[in-house]
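Here is a short briefing to read alongside the model. Take a look at the structure first, and then we can walk through it together.

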Protein chains: 2
Amino acid sequence: MSIQKIARLAGVSVATVSRVLNNIDTVKAGNRQRVLDAIKASNYQPNLLARQLRTARSGMLLVMVSNISNPFCADVVQGIEAEAEKNGYRILLCNSGSDIVRSQSSLQLLSGKMVDGVISMDALSTLPELQNLIGDAPWVQCAEYDDASAVSTVGINDIEASRFIIDYLLQQGRQRIAMINHDLSYKYANLREKGYRERLAERGNDYCQIRYAAKLNYDSGKSETEHLLRSAEWPDAIFAVSDTLAAGALSAIAAAGLKVPEDIAVVGFDGTELGFITTPQLTTIEQPTTEIGKQAVTLLLRKINDPGSKPEQSILDWRFIQRASA
Amino acid sequence: MSIQKIARLAGVSVATVSRVLNNIDTVKAGNRQRVLDAIKASNYQPNLLARQLRTARSGMLLVMVSNISNPFCADVVQGIEAEAEKNGYRILLCNSGSDIVRSQSSLQLLSGKMVDGVISMDALSTLPELQNLIGDAPWVQCAEYDDASAVSTVGINDIEASRFIIDYLLQQGRQRIAMINHDLSYKYANLREKGYRERLAERGNDYCQIRYAAKLNYDSGKSETEHLLRSAEWPDAIFAVSDTLAAGALSAIAAAGLKVPEDIAVVGFDGTELGFITTPQLTTIEQPTTEIGKQAVTLLLRKINDPGSKPEQSILDWRFIQRASA
DNA sequence: CTGAAAGCGCTTACAG
DNA sequence: CTGAAAGCGCTTACAG
């Protein structure tokens, strides 16, 4: 079923059908009605491929996340969706699983003109293989950074947040603060680790133990904590870079027969709903999650509408939330 | 940058460039190399819109979920992705938020030929507005059913699982079993409620209280439980149709100063990781989550490759998991 | 082994 | 207010 057949059915030209489809009001009422009738009668649906090929505009934004199971990601996506919708854009979500082949395949949607721009929450900038797929297409990094700053980014000041946590834990009298970090290919992981190391050094504390979680989930948090508990010198506090990891840490600690926060304090990161579900509830850094998503869309649309505009860096505020775990 | 320009650069016809792009091996080595060089030199990326318009095949599957924040959905999606990837397909995820306008917009990807088929985890079949968008395009309902059975479905036997839970709770001596269900526009919600009602009636138990959660999340579970606790006759057991709701129930019960399972037993549904995170850990029904996703893809591809084939209903096994909450 | 040409289904100046 | 025609960027018989 094509515009051709509708035109034939309605006894008008394809141009007129197209005008009706696009709500161009120069069409005479009678003709409009006949087209509308023909469309209804034949259950015609316009071919988006043809339309977008012609107009070179898709109205779709690609969102690449490494892992939708992480509630933080899901919350950011919600912000993205809300703002995109408000501006007449639709979201396509791709779960990269941090897999380069899958990321590559997703980005073909961009280079292949199926989407108008991309918001990524993954460590793409470290992957030169992907650069030529992105080219200078509209792109913003969300809750992650790009060193070259050739791309717009939105996030929080990770170093400061990290330093704040260390200060807080030291103030509570903790002596041996361990960190459960994410893969260092993520820039935010570097920054949070920097804050951790710097602040401990400044305070003359030389206990420093860092584990790197393969994934930001409960299981990784649990097994990395088990590692920490097997080490010679136990930590008396754990700073996990995501609430999901922190939830895993709590489990491991409980399974070892230890108490939180008495024996070991645990601090999470993100401020997701998980912080209410765990026992004890999580002390954590709250990110302005949906706001990050909204801001990302704003920056992306600015770039789409004015391709010549300069990349922008947007830094939003975080908030420390004290609950029972530390 | 188009195939035309590459052809000009390489001094061959567009047909030859196309052949190189599609790995058709009739191209003479010299020409192939010149095309490859031209592609590299100009960082050419094929336009997917044009290709797919021409071939009428996209290699993409649309997955519609009502809420990616639900870990059950995320797990099913993982199964879908794995199986799709194995068959050379790529996934596009759309988060409908149970919003009809958004669902409609997503389904245009199907009617607009941008994807080859759709797997939905949402209650679409109850929405006649969407039927004409789907038409007879390849479609499978995942963890949800269609009465007309004009569509393939994959899921578990919800009635049986529900009856099992009731039996278990009665056996434990529970007298007043309440249910926190989801919106009845979901067929699975109907089935589980049917199991609940039927079994209670069969056992001569006439306490029956049902709350309907607006969303399958922690917050809804919590507030519906608060409602239950305000009612005249408190339940001594709560059957929640998802682990997320059950997690909310646990919070509300703890906040009311009551103990689980001593005062109130709680049973969840799905068998997600959340069941390990809550305190106490959740007694729940485990669904074969990733398997459901894989099976959905299998059925969908069968339909795509043989459009004339009949819809199939696939019923997988569930498992009762006893943990501390009931 | 290769190229000219048709065509996928749209939109959009342009002319009337 | 409307239609004929060009063209978006590909693929694919067809002829050579």
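Which element gives the most to the surface near DNA strand D? That is α4(B), with 4 residues. Please keep in mind that this is a predicted model, in which local features need pLDDT of at least 70 and side-chain atom pairs count only at pLDDT 80 or more, while totals for chains, interfaces and linings use all residues. Residues are numbered from 1 along each chain as its sequence is written, chains are lettered from A and ligands numbered from 1 in the order in which they are written, and side-chain values use heavy atoms, with hydrogens and water left out.

**Around DNA strand D**

- DNA strand D is surrounded by 25 residues, the closest being A:Arg19, A:Asn31, B:Ser18, B:Tyr44 and B:Arg54; a residue is near a strand if one of its heavy atoms lies within 4 Å of it.
- Both chains take part: α2 (14-21) and α4 (48-55) of chain A, and α2 (14-21) and α4 (48-55) of chain B, each supply at least two residues of this surface near DNA strand D. Helices here are DSSP runs of H or I with at least four residues, strands are runs of E with at least two, and both are numbered from the N terminus.
- By class, the surface near DNA strand D has 9 nonpolar, 10 polar and 6 charged residues. Ala, Val, Leu, Ile, Met, Phe, Trp, Tyr, Cys and Pro count as nonpolar, Asp, Glu, Lys and Arg as charged, and the others, Gly among them, as polar.
- Sugar or phosphate accounts for 65% of the atoms of DNA strand D within 4 Å of the protein, and bases for the rest.
- A polar contact is a pair of N or O atoms within 3.5 Å.
- At B:Ala50, a polar backbone atom is 3.5 Å from a base nitrogen of DNA strand D.

**Around DNA strand C**

- Among the 25 residues around DNA strand C, those that come nearest are A:Ser18, A:Tyr44, A:Arg54, B:Arg19 and B:Asn31.
- Of the atoms of DNA strand C within 4 Å of the protein, sugar or phosphate holds 66%, with the rest in bases.
- A:Arg51 places a polar side-chain atom 3.0 Å from a phosphate oxygen of DNA strand C, and B:Ser13 also has a polar side-chain atom 3.0 Å from a phosphate oxygen of DNA strand C.
- B:Thr26 has a polar backbone atom 3.5 Å from a sugar or linking oxygen of DNA strand C.
- α4(A) gives the most to the surface near DNA strand C, with 4 residues.

**Chain A as a whole**

- Chain A has 13 helices and 12 strands. Its radius of gyration is 25 Å, well over the 20 Å that the globule rule gives for 326 residues, so chain A is more spread out than a compact globule. The radius is taken over C-alpha atoms, and the rule is 2.2 Å times the number of residues to the power 0.38.
- Along the principal axes, the C-alpha atoms of chain A fill a box of roughly 85 × 35 × 30 Å.

Methods
Polar contact = N/O pair within 3.5 Å; in protein donor to acceptor, adjacent residues only side chain to side chain.
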